[in-house]
Amino acid sequence: MTTTAATTTSSSPARPRPTGGPGVRAWGALVAAEARMVVRDTAGLVMPFGMPVLILVMYGISEATEIVLPGSGGRTAFDVFVVPVVLAIVVGIVGVVNMPSFLATYRRTGVLKRLSVTPASPAMVLVAQVVVSAVQTALGVAIALVVATAAFGASAPASPEVALGVLALAAAAMYAVGMLVAAVAPSPNAALALGLVAFFAFGATGGMFGDVSNLPEPVARVGEMMPFGAAVQALGDAWAGQPVAAAHLAALGTAVVVCSLLAARLFRWT
Amino acid sequence: MSAVEARSLTKHYRRRGAVKVAVDDVSLTAAEGEVLGILGPNGAGKTTTVEMIAGVRRPDHGTVRVVGLDPFADRAAVRRVLGVQLQAGYLHGALTVRELARLYRTFYRDGRDPDVLIERLGLAEQREVRYEKLSGGQQQRVAIVLALVGDPRVVILDELTTGLDPQARRQVWAVVESLRDGGATVLLVSHQMEEVERLCDRVVLLDAGRVVAHDTPAGLVAGAGLDQRVLFQVTEPLPAALLEAVPGVDRVEERDGRVVVTGSGDLLQEVSTALVRAGVVATGTRLERATLDDAFLALAGRPLGDDTSVRTTTEEAA
């Protein structure tokens with residue numbers, strides 16, 4: 001980093017400073033700051049790290065680990081249904097509930113406004129939150145997978161690259177929904193409420209509470225195309241080694257595009 | 001070129017169908033190295049004015065130049081040279097004082113040592129304390145640290161000592177004085193007279209969104225046409241018409257040996273000389289000058305401490 005004009009005396013009116021935005025150091029510092037905020041918000045860590053493990057344990061001690069599904073290379077119902085639901089919960093909680101509540105708090109309390117009067121733009125905070133959320137998601141997924149395999153003998157996905165790709169796409173879809181929640185919520189409280197409602201609505205219609213075949217047909221069909229349901233279906237296919245339905249990938253992709261565009265249009269900085 | 005130049009700033013708000021004028025045709029300039037006070041009662045438009053200068057709020061009319069740059073068009077360039085402490089701003093609550101200062105330091109290429117600033121604002125003991133655990137006055141001082149950490153050429157400080165105890169207030173004042181000595185330009189929003197009289201080279205007096213006066217603190221007092229008063233006590237009645245003839249004296253009141261002489265000019269000197277010449281023994285002599293408080297009262301027609309709401313008009317256009 002150069003400071004070419006630092007020696008110019010203050011008597012010259014428009015002391016030319018190096019142009020360009022904040023550097024790598026600022027980005028690194030902001031990501032570290034967001035990471036500290038997330039880690040120190042202990043309550044926010046319970047859901048993405050604790051709830052998936054709890055669900056794994058509840059199903060892991062059931063007969064789900066013994067029901068072998070035909071055409072899945074010897075994988076069980078636990079592998080093909082439970083593990084995908086748990087991973088969808090991790091990306092959903094981090095993206096739809098936790099991230100928007102941070103951003104809404106930053107807006108309400110004036111953090112974004114304060115940053116807007118520095119060379120760092122408040123948009124940098126959004127990006128830093130997404131980076132930290134991605135790390136948090138990866139950690140949550142890793143913990144869930146370790147518990148699932150070590151404690152309950154879960155099998156790896158039949159198509160690991162597909163599973164990874166689907167997971168990344170699902171995370172992007174959930175973050176986009178989260179950005180939309182942060183954009184429209186008038187207060188931190190509203191962001192939390194809205195995020196939870198969206199998360200549970202997606203979850204309930206997408207298989208979080210068990211088989212969706214008990215739901216009315218139209219509800220189940222819609223739920224399957226929402227980010228949670230689509231993620232669960234596509235991940236299940238990747239685990240079983242079945243081809244992933246294009247409709248589910250399209251549903252996730254649509255969520256990414258539509259929610260991002262709406263969020264970008266509706267986001268208020270103050 | 002002035003360090004800060006605002007011309008004809010106007011800002012309206014629409015509330016419940018009525019259009020409120022928060023800032024009405026406000027112009028001000030601050031020369032390089034000058035501390036300019038922006039003074040007025042609550043609701044006078046002080047914060048709205050500096051927020052427009054900082055580029056936080058877009059004026060409905062008028063222009064702003066900070067070191068010759070437009071805070072909206074030349075946003076990035078202005079951000080590098082302008083330090084801002086906003087009223088009621090909040091920060092990342094779970095970060096410590098030092099973490100915040102270091103974070104904000106990374107936003108600037110050139111800047112000041114965060115630890116030194118923290119110390120100078122009396123926060124050394126709170127260095128490792130989270131922002132959310134600090135008292136209001138400590139949070140206020142953190143905001144000042146962050147406003148200065150980029151070594152700005154122009155600083156906006158909005159109500160910088162509100163809620164501070166006297167010791168912390170003096171620390172902050174010393175920091176502002178060192179800023180001025182370092183050649184920075186400071187816009188200081190305040191409704192505290194003592195602060196303004198001590199720190200400011202010139203003052204813009206705002207009332208109900210308009211500039212009432214723009215002068216040095218002493219000039220404001222003089223311009224308000226306020227008299228001085230000389231007070232003293234005598235053991236024997238004053239000789240008749242002794243002081244009435246003294247230059248500058250407007251009025252003499254005497255009751256139970258207490259004398260109050262009202263007038264202007266070099267009043268104390270003239271009265272003392274006259275008393276000595278006449279052989280009158282005066283004790284407890286003191287001079288009372290008008291303060292900025294009195295000047296505001298005279299210029300705006302009400303005391304500075306009054307809460308005044310912004311003027312309301314019923315025009316439809318905003």
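## Helices and a residue within one

The model described here is predicted. Under that definition, Leu145(A) belongs to helix α5 of chain A, which covers residues 122–152.

Is Leu145(A) buried, exposed or partly exposed? A residue counts as buried if 20 or more other C-beta atoms lie within 10 Å of its own, and as exposed if 12 or fewer do. Leu145(A) has 19 other C-beta atoms within 10 Å, and it is therefore partly exposed. Lys113(A) stands 32 residues from Leu145(A) along the chain, and the C-alpha atoms of Leu145(A) and Lys113(A) are 40 Å apart.

## Chain A as a whole

Chain A contains 10 helices and 0 strands. Read from the N terminus, the elements of chain A follow the pattern α-α-α-α-α-α-α-α-α-α. Along the principal axes, the C-alpha atoms of chain A fill a box of roughly 80 × 35 × 35 Å.

Of the 270 residues in chain A, 47% are buried. Consider the contacts in chain A between residues at least 6 apart in sequence: 73% of these contacts join residues at least 24 apart.

## Where the two chains meet

How many residues of chain A are in contact with chain B? There are 29 residues of chain A in contact with 29 residues of chain B. On the side of chain A that touches chain B, α1 (24–40) and α4 (111–116) of chain A each supply at least two residues. The helix that gives the most to this side is α1(A), with 8 residues. By type, the residues of this side of chain A comprise 15 nonpolar, 7 polar and 7 charged.

## Domains and the first strands of chain B

The domain assignment divides chain B into domain 1 (4–222) and domain 2 (227–289). Between the C-alpha centres of domain 1 of chain B and domain 2 of chain B there are 44 Å.

Strand β1 of chain B, residues 4–15, pairs with two strands named here. With strand β2 of chain B (residues 18–30), β1(B) runs antiparallel and is joined by 9 bridges. With strand β4 of chain B (residues 61–66), β1(B) pairs in the antiparallel sense over 5 bridges. Ala6(B) has a partner in each: Leu28(B) is its bridge partner in β2(B), and Val64(B) stands opposite Ala6(B) in β4(B). The hairpin of β1(B) and β2(B) has 2 residues between the strands, and Arg16(B) in this hairpin takes a positive phi near 50°.

In chain B, 6 strands form an open sheet with mixed pairing, in the order β5-β6-β7-β3-β8-β9. The edge strands of this sheet are β5 and β9 (210–215) of chain B, each of which pairs on one side only. From one strand to the next, the twist averages 15°. β5(B) and β6(B) run parallel and are joined by 4 bridges; Gly83(B) stands opposite Val155(B) in β6(B). Helix α5(B) packs on the sheet and touches β5 and β6 of chain B, and its direction makes about 170° with that of β5(B).

The length of α5(B) can be checked by simple reasoning. Helix α5 of chain B has 13 residues (136–148), so at 1.5 Å a residue it should span 18 Å; its end C-alpha atoms are 19 Å apart, which agrees. Is this helix mostly covered or mostly open? α5(B) is mostly covered, with 10 of its 13 residues buried. Among the buried residues are Arg141(B), Val142(B), Ile144(B) and Leu146(B). The buried residues of α5(B) pack against β5 (82–85), α3 (97–105), α4 (114–120), β6 (154–158) and α6 (166–181) of chain B.

## The antiparallel sheet of chain B

A further open sheet of chain B has 4 strands in the order β11-β12-β10-β13, with antiparallel pairing. β11 (249–255) and β13 (282–288) of chain B are its edge strands, and each pairs on one side only. With direction ignored, neighbouring strands of this sheet are turned by 15° against each other on average.

Strand β10 of chain B (residues 228–234) and β13(B) pair in the antiparallel sense over 5 bridges. Within this pair, Leu231(B) has Arg286(B) in β13(B) as its bridge partner. Helix α9 of chain B (residues 267–277) packs on the sheet, touching β10, β12 (258–263) and β13 of chain B. The direction of α9(B) makes about 30° with that of β10(B).

Notes. Residues numbered from 1 in each chain as written. Chains lettered and ligands numbered in written order. Predicted model: local features only at pLDDT ≥ 70, side-chain atom pairs only at ≥ 80, totals over all residues. Contact = placed C-beta atoms within 7 Å. Expected span 1.5 Å × (residues − 1). Domains from an automatic or database assignment. Pairing = 2+ DSSP bridges. Nonpolar A, V, L, I, M, F, W, Y, C, P; charged D, E, K, R; others polar. Axes fitted to C-alpha atoms, helices over the stretch in contact; angles between N-to-C directions.
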